[in-house]
Number of protein chains: 2
Amino acid sequence: MDKILRIDMGAEGGPRITESPLGGYAGMGGRGMTSAIISKEVPPTCHPLSAENKLVIAPGLLSGTTGAMSGRLSVGCKSPLTGGIKEANSGGQPSQVLARLGYAAIVLEGKPPTDDLYKVVINRDGATISVDNDLKMLPNYDAVAKIKGEYGDKVACISIGPAGEMKMSTASIACTDMEMRPTRHAGRGGVGAVMGSKGVKVIVLDDAGKTMRSPKDPEKFKEANKRFVEGLRNHPVTGQGLPAYGTNVLTNIVNEAGGYPTYNFKQGRYDEAHLISGETQAETEKARGGLATHGCHRGCVIRCSGIYHDKDGHFLTKQPEYETVWAHGGNCGICDLDAIATLDFLDDNYGLDTIEMGATIGVAMEAGLLKFGDAEGAINLLHEVGKGTPLGRILGNGAAVTGKVFGVERVPVVKGQALPAYDPRAVQGVGVTYATSPMGADHTAGYAVTANILKVGGEVDPLKPQGQIELSRDLQIATAAVDATGMCLFIAFALLDQPETFQALLDMINAFYGLDLAADGVTDLGKKILSMERDFNARAGFTAHQDRLPRFFTQERLAPHNVTFAVKDEELDQVFNW
Amino acid sequence: MDKILRIDMGAEGGPRITESPLGGYAGMGGRGMTSAIISKEVPPTCHPLSAENKLVIAPGLLSGTTGAMSGRLSVGCKSPLTGGIKEANSGGQPSQVLARLGYAAIVLEGKPPTDDLYKVVINRDGATISVDNDLKMLPNYDAVAKIKGEYGDKVACISIGPAGEMKMSTASIACTDMEMRPTRHAGRGGVGAVMGSKGVKVIVLDDAGKTMRSPKDPEKFKEANKRFVEGLRNHPVTGQGLPAYGTNVLTNIVNEAGGYPTYNFKQGRYDEAHLISGETQAETEKARGGLATHGCHRGCVIRCSGIYHDKDGHFLTKQPEYETVWAHGGNCGICDLDAIATLDFLDDNYGLDTIEMGATIGVAMEAGLLKFGDAEGAINLLHEVGKGTPLGRILGNGAAVTGKVFGVERVPVVKGQALPAYDPRAVQGVGVTYATSPMGADHTAGYAVTANILKVGGEVDPLKPQGQIELSRDLQIATAAVDATGMCLFIAFALLDQPETFQALLDMINAFYGLDLAADGVTDLGKKILSMERDFNARAGFTAHQDRLPRFFTQERLAPHNVTFAVKDEELDQVFNW
């Protein structure tokens, strides 16, 4: 993982591939790598779909090793959705494979002069690129099936669906899972549109003949990894809750806490939540021959993923995540798990961010295009997006555009990006993260649900502003660092509660790279990444005004707790004052 | 003109009408009044369609008097298009009539709880408001015809078309002309959407029984007005060019100067410009029994308006303005005057800003929805807007939204508002105004075409950055002041070249109000208005980053002069440092 692969899509005579050493980017991985390159090389005021923008795909520092949970891939660019810097993060196989192929980053640059569609293939012999217009407008499942026919089922794919080709701001980038299905997505911020603007449909990764990356101190690494895995297995969230029910274990918990945004953020509790909870979902999966426990990439020990079958026992989609079940479910008043699974499949197939699409359909319901609870209507809307009809183009550009086009006031976005599945009035810590993260509204950027709701890493009253700034700040710093390692963010539950598990992770990094990093070093890395991102956004024109929630969260009280978001603007401005 | 009429559309039990004295707003008129009220009373971060926004309609300081040219009406709000403060300005009859009825402003506040549509009637007995759902979705011409049937042809109307009812960000507010046709529009910034969000379809103004407003010193006023009119008649622009050919006299001039934006700002000269020039237009009008010289309101002595008949000699629309002929013509590669006149009529009838719609169709052409030059396609698109189809909703929300939805890079907007008919690369002074005006891209905010192209008020090389900041600054200040008087901006041509005509205007104001205002006082008024507007925008989150042209103007050279916009960012930031 000592080189960067660059493909200039706008080069004279066709795309030009170059490889270069890491240079100034040495020591960076994942989000650290993507944000460093974007921050340094992309003009912050450029158009996100222009030749000046770049798409950076980077495995984490520990990806491609035998370290557990190290399969997260970071995708960075200037976001077409937010207008700011973006790192979207995905599970699946590609991160491990790319890392083993030796690449610390793929950078797609420039813009092709024609509308040809390209395929990139990377194997032990290096990278090649070729026109493959037969891939045009293929949904992700079909595109991957075509690749499978040509390259076998041992490769990993990074691809876009029709939404990315149409340069929609909600377009995701799909990563294949262990079964070579395009089920894991770098979902947020329209990264797929940037890949589409570069004219690249799919990147095929083949690590045949390559081995695991070797640590500087293999024994120490192995021993630390063992402690790390033990720690994950011992924690109730990573050892029990997530394996048993997946992320959807949160539905009942967040709903009970009154922070489950329902009917486009109108209330904090959904009467039908039990019908779509993780418990119900796991039962359904097991009864139909699917899987309630499953890893999204090799080396995962939490295994929060799953396989969702339809009523006839056929594969319908991977186990929809909590965020997806909420976005298409409670947020839209839809309580039919099969309908939600269908929406999840369509999002994956067309290449769309499930959070943004659910929020967008919620706004469309608010606008009166269809009724809350209309599952069939929601499915039809996703097909409109996939077909690229005018209505589909509106929806495919997200909640903010949809709200603008239909004159809707209640539009739950920050920096143009839709809020995820926790109402900031009832989970005020995550509200601070939504407001201030350089990524736009993003729960993963500083998951204060931990101390607010789950009582992990301490306890902070979710309904009050006290302590939320510090909580969000610490989590945003820690998250930025974790996102640089290639580690799945879910390790954080164990890290926050068990100092010995955090130490095990540190030991893994140190053993792998021959470093002597302490906790401070991790914090410094997180701060460094956030500072680069904030700096990019500032140069793009962002100010404190963009670090705010939509006005209605401070004006309308949320049932059942009858609360508004009470963290003051002046406090929000202190999040990055460390 | 000593009272303000307020209608709280959200009051308990239905709209509540109140009248109050001017209080702190005394001495303000037109844009001064609208910007003062918006700046003081509207929370800058509110949603433009929310109950917190207000729509302010204000005649100018000299409206309703015997003073020539004093019939301009200002409409202000927080703009749904730009997100900043907005004053849009219209000719027609309403300003004079409203002023004679004694109102310095109408303020529509709050938001109705139902979707009832209201009609406001103001006459010598005061104001009344009533539900009239028969008006729903009537185009402006039909709505005014209905009012004519009920109230006769001596009243004046301020109305919105279907676009305003659908709360589209390009919706205008129509004012009736001397023939009681809804041909004059407060076009820019989506003011019609805000009127629509208040649930008000039409304001009927009946000044029967009211007289002209009386000056403090009638003799002095009369004498000054005489000198003022003489000055206007003596200047070649206001005495000859505008009366003979209307504003469209500019087509050949700007095209010759290489600053005529063609094919969505791709080049600065249009080969077919002569087919749609003011000269050709005037000939066509006269040959068909229309009018090439005509005033848009009583008291106009420039008479730059006209009447455009179709091939069969029937009224088709008022004489399309230069901006409209450009927007729907050269900008879209359409060189058929009849098609352009049809587009003008449709804009007026549906209630749309012609500049924004032309620019939007240009972006749609760039996106490949239709070909440049496709007049029939353009007409069909306007019908989509009028019907509110999904495609129509996209277009009806302007060029920026259309560019976003269709993934177009080349989108000519500043602060979300489309650029008018002068390419900022070949008319760099107006580029400074586009970039920095608190209104978004707006030629009327500081019409540097004067010294850049017309050699009025001095000479500044249009292709170079030198001197443009000072030119735009002085013009923006003077314009803000003129916009407060209710005077048509076209008086500025004479004012800039003839000190005695400027003095005559001062004398009129002084004689009317018993003041002793000198030139400094006018400058101070302009600065005060601009400062209020800039302050509102700053509180709404605008910074220097919003005072910039789209990036392509500094990157792509414009034929035939092969120039880019060369005024530096640091210079742009000096416009308001006085």
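**Helix packing, domain contact and the chain interface**

Helices α1(A) and α18(A) are roughly perpendicular to each other, a class that covers angles of 65 to 115 degrees, with those under 35 counted as roughly parallel, those over 145 as roughly antiparallel and the rest as oblique. The model is predicted: local features need pLDDT of at least 70 and side-chain atom pairs count only at pLDDT 80 or more, while totals for chains, interfaces and linings use all residues. Residues are numbered from 1 along each chain as its sequence is written, and chains are lettered from A and ligands numbered from 1 in the order in which they are written.

The axes of α1(A) and α18 (residues 468–485) of chain A cross at roughly 100 degrees and come within 4 Å. Axes are lines fitted to C-alpha atoms, for helices over the stretch in contact, with angles from 0 to 180 degrees between N-to-C directions. Helices (H or I, at least four residues) and strands (E, at least two) are DSSP runs, numbered from the N terminus. From α1(A), G30(A), R31(A) and G32(A) meet A480(A), D483(A), A484(A) and T485(A) of α18(A). Contact requires C-beta atoms, placed from the backbone, within 7 Å. This helix contact has two nonpolar, three polar and two charged residues. Ala, Val, Leu, Ile, Met, Phe, Trp, Tyr, Cys and Pro count as nonpolar, Asp, Glu, Lys and Arg as charged, and the others, Gly among them, as polar.

Chain A is assigned domain 1 (3–205) and domain 2 (217–245 + 424–578); the bounds come from an automatic or database assignment. The C-alpha centres of the two domains lie 26 Å apart. Domain 1 of chain A brings 36 residues to the contact and domain 2 of chain A brings 28. On the domain 1 side, α1 (30–41) and β5 (85–90) of chain A each supply at least two residues. The most come from α1(A), with seven. That side holds ten nonpolar, 21 polar and five charged residues.

Notes: Contact = placed C-beta atoms within 7 Å.
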